Each structure stands twice: as structure tokens, then as C-alpha cells.
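Hi everyone, thanks for coming. Let me put the structure up so that we can look at it together.

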Amino acid sequence: MEERERLRAENRQLRQALASHAVVDQAIGVLTVLGQIPPGDGFTVLREVSQHTNIKLTQVAEQVLNHGQGAALPDVLLGELHAALARQAASRPV
């Protein structure tokens, strides 16, 4: 019985991780298009916004996805997103 519960818990965790990964990947796509940045920079931007706002990465990604569908971003995320995009632009070679 314990083994079955452990496997169920592991299965739930794997499903959640897979769903979170998909959301992050989709948000990177939104940033690639809207921010006109390479996909590799998209994850960096998400991570920086998450760290600077103390909001979980998947929650930032969900907000970016919603924004890509027309929703407004909360001011704290909007400001930090602009700052992170500016940092990425400044770090790219000309």
C-alpha cells in the first residue's frame, strides 16, 4: 500500500513538473515574439523577473502567457520585465 501511494505522489509531481515546463516554454515563446529576443534569453528574462519580484518562475510565466493573450501585466511584473529585457539588450553584441 505504501509503495502505491509513493508512486501516485511521484506521478502527481511529474505531471505538475511537465505542466510547469510547458507553461515556461510557452512564455519564452511570447517573450521571443513580443520582446524580440532569442529563445535562450527568454528563460534568462523570466528567471530575472522571478528573482527580482520574489514570484515563482511558473507564476511569472503564467502572467506573461496571459499578457500574450491580451491581459494586462501587474505593474511590478511590467516594470521588472522591461528592466530585464533592457539588460538582455545591453548584453548582446552589436
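I'll talk about the salt bridges, and then about one serine.

This is a predicted model, where local features need pLDDT of at least 70, side-chain atom pairs count only at pLDDT 80 or more, and totals for chains, interfaces and linings use all residues. Residues are numbered from 1 along each chain as its sequence is written, and side-chain values use heavy atoms, with hydrogens and water left out.

How many salt bridges are there? Taking a salt bridge as a side-chain nitrogen of Lys or Arg within 4 Å of a carboxyl oxygen of Asp or Glu, the count is two. One pairs Arg87 with Glu48, with 2.9 Å between the closest N and O atoms. Arg87 sits in helix α4 (residues 75–91) and Glu48 in helix α2 (residues 39–53), so this pair ties together parts 39 residues apart in sequence. Helices here are DSSP runs of H or I, at least four residues, numbered from the N terminus.

Arg87 also bridges to Glu80, at 3.2 Å from N to O. Together, Glu48, Glu80 and Arg87 form a linked network.

Are these residues buried or exposed? Buried means under 20% relative accessible area, exposed over 50%, and partly exposed in between, with a 1.4 Å probe and protein chains only. Arg87 is partly exposed at 32%, while Glu48 is buried at 14% and Glu80 is buried at 17%.

Now the serine. Ser50 is in helix α2 and is buried, at 12% relative accessibility. Its side chain reaches the backbone nitrogen of Leu57 at 3.3 Å.

Notes: Helices (H or I, at least four residues) and strands (E, at least two) are DSSP runs, numbered from the N terminus. A polar contact is a pair of N or O atoms within 3.5 Å; within protein, one must be able to donate a hydrogen and the other to accept it, and residues adjacent in sequence count only if both atoms are side-chain atoms.
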